[in-house]
Amino acid sequence: FSAALAEMDRLVAAGAPDIDADFHANRGLALAGLGRGEEAEAAFVRALAMAPGHATALAVRAAAMTENGRAAEAIALLEPALPSARSAEIGIALGHALLRQDEDARAEAAFAAALAFSPRAPRALHGMGLARLAQGDAVGALARFNEAIVAAPPGSPDILSSRGLALRDLG
């Protein structure tokens, strides 16, 4: 991330004319990857000022908000964007924010919206499993975790851990 960020900063300092919302969203991702959350959020805000519906900027900004204890703000940011979303990112981020607020049924609906765009998205399948597990449906959760394991890169520890919780709940 450091090398990419250094190059982006060089372009900004040089006044490059082709800096757009994607540039700021990617810069935000690099900053987030380096643990520079406040700067990352500022980059996402710049991306959203240039392109208000930018899915990556919306989703990653909301994910950062959720991780920083601001899930209610993330929900308020994402809910209006979900009906017009053209990718799974918005539904996944919204689902995780809703889970943080113990809105498990609404989270399941958000993950279902994400899966409508990308039926094999591992993060959406995993999120759907988490929502079902939170609602006491260990059988349904296990089915979604198993689907996520098949769709995800090998050895995804978060999915494997969640699968273990569902198996524990099944006895």
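**Exercise 1. Aspartate 169**

Is aspartate 169 buried, partly exposed or exposed?

*Solution.* 
- Step 1. The model is predicted, and every value here is computed from it.
- Step 2. Aspartate 169 sits in helix H10.
- Step 3. Its relative accessible area is 42%, so aspartate 169 is partly exposed.
- Step 4. Set aside residues up to four places away in sequence; aspartate 169 then touches Leu133 and Ala138.
- Step 5. Take a distance as a check. Arginine 120 is 49 residues from aspartate 169 along the chain, and their C-alpha atoms are 25 Å apart.

**Exercise 2. The H9 and H10 pair**

Describe how helix H9 packs on helix H10, from axes to residue classes.

*Solution.* 
- Step 1. Two packed helices are described by an axis angle and an axis distance.
- Step 2. H9 covers residues 138-151 and H10 covers residues 157-170. Their axes come within 9 Å and cross at roughly 155°.
- Step 3. H9 is therefore roughly antiparallel to H10, since angles over 145 degrees fall in that class.
- Step 4. The crossing of H9 and H10 is left-handed.
- Step 5. List the contact. H9 supplies Ala138, Val139, Ala141, Leu142, Phe145, Asn146, Ala148 and Ile149. H10 supplies Ile159, Leu160, Ser162, Arg163, Ala166, Leu167, Asp169 and Leu170.
- Step 6. Sort by class: 12 residues of this contact of H9 with H10 are nonpolar, 2 are polar and 2 are charged.
- Step 7. Link back to Exercise 1. Asp169 is among the H10 residues of the contact, and Ala138 of H9 is touched by aspartate 169.

**Exercise 3. The H3 and H4 pair**

At what angle do the axes of H3 and H4 cross, and which residues make the contact?

*Solution.* 
- Step 1. The axes of helix H3 (residues 37-50) and H4 cross at roughly 150° and come within 9 Å.
- Step 2. H3 and H4 are therefore roughly antiparallel.
- Step 3. Their crossing is left-handed.
- Step 4. From H3, the contact residues are Glu41, Phe44, Val45, Ala47 and Leu48. From H4, they are Ala57, Leu58, Val60, Arg61 and Met65.
- Step 5. The contact of H3 with H4 has 8 nonpolar and 2 charged residues, and no polar ones.
- Step 6. Look at the loop between H3 and H4, where alanine 51 is placed. Alanine 51 has a relative accessible area of 24%, so this residue is partly exposed.
- Step 7. Alanine 51 and alanine 21 are 30 residues apart along the chain, with their C-alpha atoms separated by 6.0 Å.

**Exercise 4. From H6 to H7**

Follow the chain out of H6 and characterise its packing against H7.

*Solution.* 
- Step 1. Aspartate 102 lies in the loop between H6 and H7. Its phi is near 60°, a positive value in a residue other than glycine.
- Step 2. Aspartate 102 has 64% relative accessibility, so this residue counts as exposed.
- Step 3. The axes of H6 and H7 are 8 Å apart, at an angle of about 170°.
- Step 4. H6 and H7 are therefore roughly antiparallel.
- Step 5. H6 contributes Gly91, Ile92, Leu94, Gly95, His96, Leu98 and Leu99 to the contact. H7 contributes Asp104, Arg106, Ala107, Ala110, Phe111 and Ala114.
- Step 6. By class, the contact of H6 with H7 has 8 nonpolar, 3 polar and 2 charged residues.

**Exercise 5. Phenylalanine 117**

Which residues does phenylalanine 117 contact, leaving aside neighbours within four places in sequence?

*Solution.* 
- Step 1. Phenylalanine 117 lies in helix H7.
- Step 2. At 41% relative accessibility, phenylalanine 117 counts as partly exposed.
- Step 3. Its contacts beyond those neighbours are Ala85, Arg86, Ser87 and Ala88.
- Step 4. Leucine 167 is 50 residues from phenylalanine 117 along the chain, and their C-alpha atoms are separated by 28 Å.

Terms used
Residues numbered from 1 in each chain as written. Predicted model: local features only at pLDDT ≥ 70, side-chain atom pairs only at ≥ 80, totals over all residues. Heavy atoms only, no water. Axes fitted to C-alpha atoms, helices over the stretch in contact; angles between N-to-C directions. Helix = DSSP H or I, 4+ residues; strand = E, 2+ residues; numbered from the N terminus. Parallel < 35°, antiparallel > 145°, perpendicular 65-115°, else oblique. Left-handed = near helix turned anticlockwise from the far one by under 90°. Contact = heavy atoms within 4.5 Å. Nonpolar A, V, L, I, M, F, W, Y, C, P; charged D, E, K, R; others polar. Buried < 20%, exposed > 50% of the residue type's maximum accessible area, 1.4 Å probe, protein only.
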